[in-house]
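Trainee: Can we go through this one together? I want each label set against its rule.

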Amino acid sequence: MRAVATVFKTILRHSFKDLHGSEDILSPERYVSLRRKIVGLMAVVAVVPLLLMAAINYHEYRAALGREIQNPLRILLSKTKNSFELFLAERTSTVSFIASAYPFEELAQEKNLKHIFTVMTQVFDGFVDLGLIDENGVQVSYAGPYPLAGKHYAEQSWFSQVMIRGTYISDVFMGYRHFPHMIIAVRHMDESGKNWVVRATIDTTRFDRLIAAMSLEPDSDAFLLNKEGILQTTSNYYGKVLERLPIPMPTQSYEARLVETQDQRGEDIYLAYSYFPESDFVLMAVKPRGSALKTWYMVKGDLLFIFVLGVMAIFLVVYKMTDLLIQRMRESEERRELAFRQVEHAQKLSSIGRLAAGVAHEINNPLAAINEKAGLMKDLLGLRPDFPDRERFITLADAILKSIRRCRDITHRMLGFARRMDVSYEELDINEVLTDTLSFLDQEAKHRGVTIVRELDESLPRIKSDRGQLQQVFLNILNNALAAVPDDGRIEVKTGEGVPDSLVISFQDNGCGMSQDTLEHVFEPFFTTKKGTGTGLGLSITYGIIKKLGGDIAVTSKQGDGTLFTVYLPKTARKEAAS
Amino acid sequence: MGVSGENTKQGMRDAAFMGAVTASITHEMQNVLAIIQQSAGLMGDLLHASRMESLKSLGFRKGFQYHDKFSTLIAAIGEQVERGSNLSEGLNRLAHVPDSPAETTDLRSATGLLFSLIGRIARKKRIAFVLESGTGDRAPQVQCPPMQALMALYGVAQALIEVLSGCTVQVAVGAAEDDPHVDFILPEGGAGSPPVILPASLVDAQGAGTPCATSLGDRIRLRFPPCPAVAAGG
Amino acid sequence: MERKDWNVLLVDDEREFVTTLSERLGLRGIHSRVVFDGESALREVAENPPHLVVLDVMLPGMRGLEVLRGIKAGFPNVKVILLTGHGTTKNGIEGMKLGAFDYMIKPLDIDVLIEKMTEAVGGRR
């Protein structure tokens, strides 16, 4: 059993090594081969027991059916055998009674013998004649239809046998009477030691009647034989009286016994037989197996039908299940692959961002220099109050200084966009952050003819939050919206106060919208629609940032109508978020 | 091919978005720099006018004491604006690279753009990238989207900046032998420097159209294998 | 301590920036010396230890943070204010861990710088 389990395990491991083998994504060919293996294995696992069960069932049922046919045959045979034995025993005892009931002298008188014979034939049928033979083998008297008185039997073998054994039952023979008969001879010895033999001839047509009483089916046969295999009664299929049975004699058994064999025509038969203990006879009954198993063949047909149907069902189910399994696997593989791609992609993107950010900050250096130069000019002007153009110079220097500040803000904004800064809370005007972020997209929007409608509530309170992170959130959502709307599309950005104690920023687009399924997964990492324009990370990051900032984000969408993203931000930062 | 093609396309789209944002920022930057330039220019004009007036008044009106000083300062501001402008312009060009639908890149101009951007970062490590002037033949075109080419060049340059210091790296663009390539020729004295660790994505790069970097002892060669069938779209 | 007694060293490779800054500080009564790289800075500090060093983080050759480490190793009492052109706070925070007094992002407001300098020289930090 353990060995079987081991083998099975090996097969399994072998079959599914595709699954563990490498980190590579499974190619379609490998999926096909994997499916073939799974289907094969599962089918074998399911079909083999079924096959085994069917085979066992087949044999069991067949054996049971066989027994059902054999037993009645055997019983019938032994009953018939009993009838035969009874018949022979009756005749023998009758003859024996006659031999012992009457003294020799009385029997020797033909008149007496004929009287006895007449009485006897009235009680028992089948007796043809009756004769008395003295110890020298001479027929002393005779009652019957043939002139046999005075006939010598001393030389015949049956006579010497009866003289020795006391009784003798002959085989069936034709003799000079020209019909099948047999003889029963009984020797008797009186007180004086004188021996005589009473001999009766019996017409064996009685046997046929006994066999007919078995009322066998037409294709079956029953007959009596002697031990040498000579037919004692006429059979339907295996020859006439005194012909040799074309089937070899079965081993001797006094009990009714049944063997499966073939007859001379090569037909499969059940052969039931029984040897007679008291005489040389054998009773046989033959039933062709074909007819006996007719019901069985019908059952076999049903069984085969069910088996085929079962196997087909198994294959169907296995195939469907494997299909489902493979599909699931494929989906998860694809998702995994997508995740890898997204990570790789995010890295690539960040490398572009790093370059841009690094360069952007290089601009700070010349700006710092200009800052100092302009500052110095202003300082010097402060030292010369008499300079006539002083005011104009100061205005210009201030313009330069102001521009520098603006530049610095731009580079810092760029940084906030290009990479994620450390979370730093400051008092923010959400409208300003939003306007700022929108300014990044103005060019793209203008280029595509997308209208961005701003409905900003100017009375919004300032809140403590992280500028860079919020910009990233707004950018992500707006990027999605821009990707969703067609050229000449429309995006509405609204701000307002919500309950309880939160700011609500909503982004409504009239783009393609999302399906229910997409909507459910939209914040999952690496989720992206197949032809999506998002990075797949964008919205999950957005979700993460909003949660980190203590806010919430909701999305509603209708396919074809557009999508509404709503961001809720707390007016007062949560304790742990603020700390 | 389909998957990576889709991936590349996606990457390009994001890069394009990124570019749009950067472009808008640099655009604003240019405007602000222009304001500074104009303000400084006006100051210069006023200074000049005041000098003229002072000369005209024949000494009645006193000249501005810091006239020369201011002239120098204004000139310096002009220079710094120029410098900022160059950077901003480079950044703007970088920002527009992903917009380009081209599947081919002019290697020499890509290399030039990159070094104009990272020149100062390299100078911080006292590394000078010197782009060898071409041998006169037409600039080698490679079958690789400009963004990818630029990122590959950036990858190698960064790896060099990481380990080298105080030396000059000759950069040669060539198309000799088989594929178009960019050679970063290491200085002879740079032998003692720690080995250059190239980005894995460039070393392991395989397949047509993907830039591939190899170390050849005295130089690092970034090869751009031509791809027979360029991925559609982009 | 009076401003005029302060001994300040400015370290930055942006000559235009740092010389002008030095001049402006001078106008405000703060005397400062200027060097353009890390090695010179360390030499200068060793020769004449200043009260305060205004140090750019991104220096050619020796990195600004290495210079900071060098100064702090030899002269722990010298206050250092870091300047960074890159808007990341990362370098600044790293510098603070190494013992810098504070950090500022370029371009900077000279009044804020002087405020911090005053704090550094006079302060107890």
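**The contact between chain B and chain C**

Mentor: Start with a count: there are 3 salt bridges between chain B and chain C. The model is predicted, so local features need pLDDT of at least 70 and side-chain atom pairs pLDDT 80 or more, while totals for chains, interfaces and linings use all residues. Residues are numbered from 1 along each chain as its sequence is written, chains are lettered from A and ligands numbered from 1 in the order written, and side-chain values use heavy atoms, without hydrogens and water.

Trainee: Why is the meeting of E14(C) and R83(B) called a salt bridge?

Mentor: The rule asks for a side-chain nitrogen of Lys or Arg within 4 Å of a carboxyl oxygen of Asp or Glu. The side chains of E14(C) and R83(B) meet at 2.6 Å, N to O. Therefore the pair qualifies.

Trainee: Which helices of chain B supply at least two residues each to the side that touches chain C?

Mentor: Helix 2 (67-96) and helix 3 (107-124). Helices are DSSP runs of H or I, at least four residues, and strands are runs of E, at least two; both are numbered from the N terminus. Helix 2 of chain B gives the largest share, 6 residues.

Trainee: How much area do chain B and chain C bury between them?

Mentor: About 870 Å², with 41% of it on carbon and sulfur atoms. Buried area is the accessible area (1.4 Å probe) that two parts lose on being put together, summed over both. In chain B, K69(B), K124(B) and R126(B) lose the most area to chain C, together 57% of what that side buries.

Trainee: Now S32(C): why is this residue called buried?

Mentor: Its relative accessible area is 11%. Buried means under 20%, exposed over 50%, and partly exposed in between (1.4 Å probe, protein chains only). So S32(C) is buried. The residue lies in strand 2 (residues 32-35) of chain C.

Trainee: Which residues does S32(C) touch, not counting those up to four places away in sequence?

Mentor: V8(C), L10(C), S22(C) and L25(C). Contact means heavy atoms within 4.5 Å.
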